[in-house]
Amino acid sequence: MKAIDAKGFKIPIVGLGTWALRDVARIVEQAIRVGYRHIDTAQMYGNEAEVGQGVRASGVPRAEVMVTTKVQPTNLAPHDLERSVKESLAKLRLDVIDLLLIHWPNPRVPLTETLGAMAKMKGEGYVRALGVSNFTVALLDEANKVSREPLVCNQIECHPFLNQDKVIDACRKHGMAVVAYSPVARGRAHGNDTLARIGKAHGKTDAQVSLRYLVQQGIVVIPRTNRLERLAENFALFDFELSEQEMQEIYRLAHPDGRIVDWTWSPKWD
Ligand SMILES: NC(=O)c1ccc[n+]([C@@H]2O[C@H](COP(=O)([O-])OP(=O)(O)OC[C@H]3O[C@@H](n4cnc5c(N)ncnc54)[C@H](OP(=O)(O)O)[C@@H]3O)[C@@H](O)[C@H]2O)c1
């Protein structure tokens, strides 16, 4: 499995998203059997226990599977964060959290405090690597300035219908991997004429083209599916290549209303 190296930490380029997944343990187990080595969960999804169960049931050595979880914005004060990480680990019933992210920024808690607590948890062996999610360019600059531990990724909404050039450039400037959530645009990639036509030329589906477009730029993808056959489909991205012209055509699918997940709600914690 191809991986992105961010500051020495390796992130498998295709992972499984688990938000709102049904039958989580079974899908996680099957995904790992198909070859996935990266599972994305979050405290907010309420499924960490099932994710851990699926990882263990797969029979694949623990060290080979990278598990991400995220701390919710109401738990970013140091004391809350430490409690929250210990709770996540207890639910997952795993030895360590491979990658811990701030799920959404919370303007009420100074970043330096949250990142200090995350560094402490890493120092004490609860976590292997740290990152952020839904961070803007300005927040990435601030986080990288104040963090005493390397920040390896920013997990953001990313798919052909949304232009994320500025934040992607900022991630690259800071040596962080971009992890694309909603990489098939919550299913909207399926049925898109352009993606379908390009896919047909390669013997691939519209969703595979959406995912290939991202991985071909070195962007990690974490598609979610409840369907076993789509686990394999979303993983089969490395036996074809999009031409420069096809990449440009997909790039032009982005539009101002392309964002699916409303991230402007975060200041409500203020
Ligand atoms: N950090 C954050 O704030 C944040 C926010 C959102 C999501 N995430 C993470 O990112 C993961 C993925 O994002 P997402 O769940 O929002 O959206 P997504 O993965 O882009 O889309 C999932 C939807 O697309 C359908 N789908 C999946 N593969 C398909 C295929 N090959 N063909 C056609 N349809 C397909 C699925 O339906 P079926 O189940 O019927 O296949 C499901 O309805 C989440 O599960 C979560 O782990 C993080």
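This is a predicted model: local features need pLDDT of at least 70, side-chain atom pairs count only at pLDDT 80 or more; totals for chains, interfaces and linings use all residues.
Visitor: OK, and how many of the residues are buried?
Guide: Buried residues make up 55% of the 270 in the protein chain. Buried means under 20% relative accessible area, exposed means over 50%, and partly exposed is in between (1.4 Å probe, protein chains only).

Visitor: What about the largest nonpolar core?
Guide: That core has 87 residues, and Ile11, Leu16 and Leu99 have the most contacts inside it. Helix H8 (residues 206–215) gives the most to this core, with six residues. A nonpolar core is a set of buried Ala, Val, Leu, Ile, Met, Phe, Trp, Tyr and Cys residues joined through side-chain atoms within 4.5 Å.

Visitor: Which residues is Leu16 in contact with?
Guide: Leaving aside neighbours within four places in sequence, Leu16 is in contact with residues including Leu21, Ile27, Tyr36, Ile222 and Leu231. Contact means heavy atoms within 4.5 Å.

Visitor: Switching topic, how many helices and strands are there?
Guide: Ten helices and ten strands. Helices (H or I, at least four residues) and strands (E, at least two) are DSSP runs, numbered from the N terminus.

Visitor: Where does Leu76 lie?
Guide: Leu76 is in the loop between strand E5 (66–71) and helix H3 (78–92).

Visitor: Is Leu76 buried or exposed?
Guide: Leu76 is buried, because its relative accessible area is 3%. Its contacts, leaving aside neighbours within four places in sequence, include Ile102, Trp104 and Thr114. Leu76 and Thr114 are 38 residues apart in sequence, yet 5.5 Å apart in space, C-alpha to C-alpha.

Visitor: And Glu82, where does that one lie?
Guide: Glu82 lies in helix H3. At 18% relative accessibility, Glu82 counts as buried. Beyond neighbours within four places in sequence, Glu82 is in contact with Lys120 and Met121.

Visitor: Last one: what does the C-alpha trace span along its principal axes?
Guide: About 55 × 40 × 35 Å for the protein chain.

Terms used. Residues are numbered from 1 along each chain as its sequence is written. Side-chain values use heavy atoms; hydrogens and water are left out.
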